[in-house]
Amino acid sequence: MSHIIVVEDEQALRIDLIDYLMAHGYEVTGAASAAELRAALADRSKSAPELIILDIGLPDGNGFDLAEEIRQGWSGGIIMLTAFGATEDRIRGFHSGADIYLVKHAPLREILAATQSLLRRVQNSSQAHTASRSDHWSLNAADWMLRAPDGTEIALTATEYGFLQALSECPGAPCLRADLVQRLARPQTDWNDRHLDAVVSRLRRKVASQTTIPLPVRMVYGKGYAFTAELQQSNAPGL
């Protein structure tokens, strides 16, 4: 059963969406604010969400910024459902990470159809990614190289290497943000969570520019980062 989070501060619409999607067989969690969404993403008592239906106008933030935040470490689907229907808003929505942009008040049947279509795409992508994880990644301490399952070798900076080395020491579990920040910080530098997220974003882009296999690093909300594939370490030059 797919898990969907509906983020909508208008109570009547949120309830209608939750009831309608549950009637069609989905597990649905409601959130009225950005804070409630973050709490829902961090909740490990439920299955991981595959899709978020996201309003833009929220009492404690906006959906554009929230989508960008979510996209730092979450690969599920995002449907923006909002009263902002101008072309500029649609473009901003897609740039911030939305897969589908719907304008209120779209019929529930249309929202359901968009949900079903996007879930198929997300699930197919997840299956392909899982299949690719049967091959391992390698991290070389001798020359700071990351080797992807397809054999591509990616040169790392000292910070990128330190980040991946830390993740390799936490197999099957996330490395805590505070521990990563402390480990990667340099003397006389003001290093914080934003610097850590920037390192991860740059590393994702670097890997994506050199191989078609996405970097299997997942953000665990409320905790830190985890490497979700096998990562072997080597000290020999040339991997």
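Helix H6 (residues 158-168) has as its buried residues Glu-160, Tyr-161, Gly-162, Phe-163, Leu-164, Ala-166, Leu-167 and Ser-168. Buried here denotes under 20% relative accessible area, exposed over 50%, and partly exposed in between, with a 1.4 Å probe and protein chains only. With 8 of its 11 residues buried, H6 is mostly covered. Helices (H or I, at least four residues) and strands (E, at least two) are DSSP runs, numbered from the N terminus.

The model is predicted: local features need pLDDT of at least 70 and side-chain atom pairs count only at pLDDT 80 or more, while totals for chains, interfaces and linings use all residues. Residues are numbered from 1 along each chain as its sequence is written, and side-chain values use heavy atoms, with hydrogens and water left out. The predictor's confidence in each residue is given by pLDDT, on a scale from 0 to 100. Its mean over the chain is 87, and 93% of the residues reach 70 or more. Over residues 130-134, pLDDT stays under 50, and the model has 4 contacts beyond four places in sequence for this stretch. A contact is defined by heavy atoms within 4.5 Å.

The secondary structure of the chain comprises 8 helices and 14 strands. The chain is as compact as a globular protein of its length, because its radius of gyration is 19 Å, close to the 18 Å that the globule rule gives for 239 residues. This radius is taken over C-alpha atoms, and the rule is 2.2 Å times the number of residues to the power 0.38. Along the principal axes, the C-alpha atoms fill a box of roughly 60 × 40 × 35 Å. Of the 239 residues, 44% count as buried. Among contacts between residues at least 6 apart in sequence, 60% join residues at least 24 apart.

An open sheet is formed by 5 strands in the order E2-E1-E3-E6-E7, with parallel pairing. Its edge strands, each pairing on one side only, are E2 (27-31) and E7 (100-103). From one strand to the next, the twist averages 20°. Two strands pair if DSSP finds at least two bridges between them. Strand E1 (residues 3-7) pairs with strand E3 (residues 51-54) in the parallel sense over 4 bridges, and Val-6 stands opposite Ile-53 in E3. E1 also pairs with E2 in the parallel sense, over 5 bridges; the bridge partner of Ile-5 in E2 is Thr-29.

In a regular strand the side chains alternate between the two faces of the sheet. Both faces of E1 are covered, with buried residues His-3, Ile-5 and Val-7 on one side and Ile-4 and Val-6 on the other. E1 is largely enclosed by the rest of the structure, because 5 of its 5 residues are buried.

Helix H1 (residues 11-23) lies across E1, E2, E3 and strand E6 (77-82), running at about 170° to E2. Helix H4 (residues 87-96) lies across E6 and E7, at about 145° to E7. Axes are lines fitted to C-alpha atoms, for helices over the stretch in contact, and angles run from 0 to 180 degrees between N-to-C directions.

Another open sheet has 3 strands in the order E11-E13-E12, with antiparallel pairing. The edge strands are E11 (175-176) and E12 (217-220), each of which pairs on one side only. E11 is joined to strand E13 (residues 224-227) by 2 bridges, the two running antiparallel, and Cys-175 stands opposite Tyr-225 in E13. Helix H8 (residues 193-210) lies across E12 and E13, running at about 150° to E12.

The structure holds 4 aromatic pairs. Rings of Phe, Tyr and Trp (its six-membered ring) pair if their centres lie within 6.5 Å; planes under 30 degrees apart count as stacked, over 60 as edge-to-face and the rest as tilted. One of the pairs, Phe-94 with Tyr-101, is tilted, at 6.3 Å centre to centre and 50° between the planes. Phe-94 counts as partly exposed at 42% relative accessibility, whereas Tyr-101 counts as buried at 6%. Trp-144 and Tyr-161 form a stacked pair, because their ring centres are 6.0 Å apart and their planes lie at 20°. This pair links distant parts of the chain, 17 residues apart: Trp-144 is in the loop between strand E8 (137-140) and strand E9 (145-147), and Tyr-161 is in H6. Trp-144 counts as partly exposed at 37% relative accessibility, and Tyr-161 as buried at 7%.
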